[in-house]
Amino acid sequence: MKNIQRDAQVKSSRKADALPENPSDLNPSIARVLDEIEEGKSSSRRSFLRLAGFSFAATAGACSRGKPQTALPLVQTAPEMIPGRAYWVATTSMACGAGCGALVRCRDGRPVKLEGNPGHPVSQGGLCPACQASLLGLYDSKRLQGARGPEGPLSEELLDLQLRDLFQNLRSSGKIRFLTGTVNSPSTLSQIQACLEQCSDGRHVMYDGISRSAILEAHQMTHGVRGLPRYRLDRAEVLVSFGADFLSTWVSPVEFAKQYARARRPEGSRSKLLRHWQFEANLSLSGGNADVRTRIAPWEENAALTYLSDRLAGQERSNPGLPALLIERLDQLLKELSAAKGAALVISDSNEVRQQLLVNQINQHLNGYGRTLDVSRPSLQWQGSDRDLHQLRQELENGGVDLLIVQGCNPVYDLPDWEEALKKAGHIVYLSRHEDETSPLATWLVSESHDLERWDDHQPVEGVYSFSQPLLPGLFAGRSLRHCLASWRGAAAEDVELLKKFWREKIYPTENAGEAFEAWFDRNLQRGVYAAKGIEPAGKKEFQRVELPAPDSETELSEGKLQLVLYSNPAMQDGRHAHNPWLHELPDPVTKVCWDNYLSLAPETASKLRLETGDRVRVEGEIGSFEIPVLVQVGLHPQIAAVALGYGRKGTDRFADIGPEWMQSKPTVAAGGQVGQSVSSWIAWKNQQRRFSAHEVSLVKLGGSHKLACTQDHHRMELPPHLAPKGGEVRDVVRVLPLAEVQGQTEQEHGSKHHVYKDLWPDDHPYEGKRWGMAVDLNACTGCSSCVIACQVENNVPVVGKDEVLRHREMSWIRIDRYFEGEGDQLQSHHQPVMCQHCSKAPCETVCPVLATTHSEEGLNQQVYNRCVGTRYCANNCPYKVRRFNWFDYPREDQLQNLSLNPDVTVRSRGVMEKCTLCVQRIQDAKAEARRNGRPLEDGEIQMACQQSCPSQAIVFGDLNDPESLISKFRNNSRSYDLLEELDIQPGVHYLAKVRKQEDRGDHHRG
């Protein structure tokens, strides 16, 4: 495979131990001391002691007596709680909005880890990065505490009294409106409906920060059902996506990733593997994984979809004015779609109703409804209506809303031009977890409970219910919307009783359960999910052709202009995770930049404008301007500029000093600043729908630069050419094979050894019992980064802040390297998770002077922390660059956040080397449990944190000495290979080559 590069998006000349070039590079506190010395305002001895205090404070603190603590034993514990042993509770995580089934690992009464629930019929195990990281939000000490009214803090009783009186006064003549994010909790919806029925004029409006309203409206028009179809990627042979990043942020990424990997596994039972086409302007995670990726401008999508729909309907029309390459690709696609009728699927993330109607027509021509997408049991994960939102704004501007209840959204941030309209509401009640952009407008501000501390139910797909239950008592007197509404309308009860009452009266009688309600409810609560029987939605559900609305008038860009494209990434999404440092430090799966958003430009566009990565520009358009740094990014359409939403949130100045304090440290956020730049005001309204690519902009280069913290420009793996075997060559670390070769249509043995080893090392590591190993299937890995967060949570990996990442000192134990192949419309990306390879002949072990890194009898490369003296010889000798040096005792001053630490894993101190341990604590726990029960370990019983969280099941762990184990079958797979196997260090982590289902497309234009 040629032209595969581990491309560096950001170039940095900073060395890890470089001294500051000028005093401005110093920590402000230390700089002040140095200034005093220079000006003669301070004695040298006192100044020295003050300076020394910064460096030695951690050491001195370790030697001092800690604060006395009182241990109060529980008088009576729950029967399932055994001190020191974990227990699991089924719940639902709404962190990403999709509602993934989760299992929460608890220790001594507190949750410490979220993992996917394999029994959930929608997500089927695995979790996205946001759901994994939501644990930290539970222990966020800056969450709202209690309630605030017009005159200051309120008790819960006084809050309920005031709002009960207000409801009573407005019931007969006032206008009450609910403004929420998507609510698919049937018990909460029943409370909202009960409130509306008591009002003379009440209405509920739902909207989503990243809108899918056009898909809902289009299916209302063509099928009579306002819902998202249940997309079934695993039933498709040809998948076509117009901008939908379904592997990362679109609708239900965990569900789709699992289906996608299953449909593309070459060893599966499918006769034909899924072939993926992606048409997009910006480079997305899904686009990088596509078999055929074509850049398309936003204003060309209408014409492209019309072309496909007309040709599939047998209509021949004149050339739609699209580029020749795009027409060529569409014609090739038409042949594949026609051959795959009944097994083809077309999706789009456009929020224009006309485009979604065209997508429905195409899927109807392809006989997709009932096969690759289903409207009989639609998805309820996203239900926002932009038309209802537009109507509500008109009511607000006219002063026609007496009471507005807001929950699950942040309208002042999501809809910045709404602020003046919201001020005209008579009263605003706002349920929130933080002081944010909307809270200053609230008449009553109510602390909302976290997902992990409240009772709830959800219906992600019609007929499928999942439950949430509190994992610990509420930390900040937070409340649910259901509980609040019941109290305010005069029907107060405990939240759990409200939930049970709904299920006892509405669901239980229809199910013929055959057992008492309490037993039936508790059984379903324990499983975390319930599938109802015989539920059919209302509506005709049969496709009906409708007249297409007129397309937008815009065609081509004005001379010298760019189209601004707004997108969401899996960390910040619509901004809901702006207070989570784990997600801020998670590198973007495509660009590998963290702690910032930026203006992405294609290389040819940047060259034309004489811009480089890090240059600051002012983006100017008809509605205003904003300043932002530039990132030169391959794969973009040359006429667009892309920026991620969800940044620039109020309160993110809290991360200014998140990193370690030392002589050269710099703040992650400037004083009074925020993480990133908000661009929500650039979401346009057209035809009562929000558009995320509707503004023409121009760029003005400003002076100075802004360093972007990128993890792709260091920790490189390289093999010197002279180590290639005689007559061979150094092979790529990511291997991509054509499908024909994998399916045995050629005789090449790609799984054979690269060359015959002549071993200079004795075989001094016999494995007579277990030999633990891991395998990563690159064909299944999508690069979603869920494993990165899972490892961070499981192993207490610290957040180091932007400045330390710039110094190449991030602490993540697992990284995902991203490689690009090809350019322009031929571009593909490959993702490779890399962790400690646990080599049998580990080069780190031979150079450690104190034997801190050793080999276990079960094949694990162990790190003995209390023996390590920090020489870093092992890191220098590691060819995979996966060892991390703990430069500091990273701040863990927030006692509440420390409750998220896993007690099974040591919190490492300053000056030691750390790296992946293959979750040895999980191995030991499983072995102890097997011994306790007097049975042998079963294959698959031990799951690594990264393995369990992976939505696509790309990671396998087990005993290599067991020939029947799944890991042995992976190791013996013809696609299996070792990373840098020319070095003959025999790693215990193996990789399966990626498979490309791609025919020869001939020579096409690039760029």
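This briefing covers aromatic pairs, charges over rings, a helix with its packing, and selected strands.

The model is predicted: local features need pLDDT of at least 70, side-chain atom pairs count only at pLDDT 80 or more, and totals for chains, interfaces and linings use all residues. Residues are numbered from 1 along each chain as its sequence is written, and side-chain values use heavy atoms, with hydrogens and water left out. Helices (H or I, at least four residues) and strands (E, at least two) are DSSP runs, numbered from the N terminus.

**Aromatic pairs**

- Rings of Phe, Tyr and Trp (its six-membered ring) pair if their centres lie within 6.5 Å; planes under 30 degrees apart count as stacked, over 60 as edge-to-face and the rest as tilted.
- The count by this rule is 27 aromatic pairs.
- Phe 467 and Phe 521 are edge-to-face, because their ring centres are 5.6 Å apart and their planes stand at 80 degrees.
- This pair links distant parts of the chain, 54 residues apart: Phe 467 is in strand S19 (residues 464-468) and Phe 521 in helix H17 (residues 517-527).
- Both Phe 467 and Phe 521 are buried (under 20% relative accessible area; exposed is over 50%, partly exposed in between; 1.4 Å probe, protein chains only).
- Trp 503 and Tyr 530 also pair edge-to-face, at 6.1 Å centre to centre and 75 degrees between the planes.
- Trp 503 lies in helix H16 (residues 495-507) and Tyr 530 in strand S20 (residues 529-531), so this pair ties together parts 27 residues apart in sequence.
- Trp 503 is buried at a relative accessible area of 0%, and Tyr 530 is buried at 6%.
- One aromatic cluster holds Tyr 465, Phe 467, Trp 503, Tyr 508, Phe 517, Trp 520, Phe 521 and Tyr 530.

**Charges over rings**

- A charge sits over a ring if NZ of Lys or CZ of Arg is within 6 Å of the ring centre and within 35 degrees of the ring normal.
- Arg 212 places its charged end over the ring of Trp 382, 4.4 Å from the centre.
- Arg 872 lies over the face of Phe 885, 5.2 Å from the ring centre.

- Helix H10 (residues 324-339) has 16 residues and should span 22 Å; its end C-alpha atoms are 23 Å apart, which agrees. The expected span is 1.5 Å times one less than the number of residues.
- Buried residues of H10 include Leu 326, Arg 329, Leu 333 and Glu 336.
- The buried residues of H10 pack against several elements, among them strand S10 (238-242), helix H9 (301-312) and strand S13 (344-348).
- In S13, five of five residues are buried. Ala 344, Val 346 and Ser 348 cover one side, and Leu 345 and Ile 347 the other.
- S10 and S13 pair in the parallel sense over five bridges; two strands pair if DSSP finds at least two bridges between them. Leu 239 has Leu 345 in S13 as its bridge partner.

**The S2-S3-S4 sheet**

- Three strands form an open antiparallel sheet in the order S2-S3-S4.
- Strand S2 (86-93) and strand S4 (110-116) are the edges, each pairing on one side only.
- Eight bridges join S2 to strand S3 (residues 100-107). Trp 88 stands opposite Arg 105 in S3.

**Ser 134**

- Ser 134 is in helix H3 (residues 129-138) and counts as buried at 10% relative accessibility.
- Leaving aside neighbours within four places in sequence, Ser 134 is in contact (heavy atoms within 4.5 Å) with Ser 93, Ala 95, Leu 114, His 450 and Asn 580.
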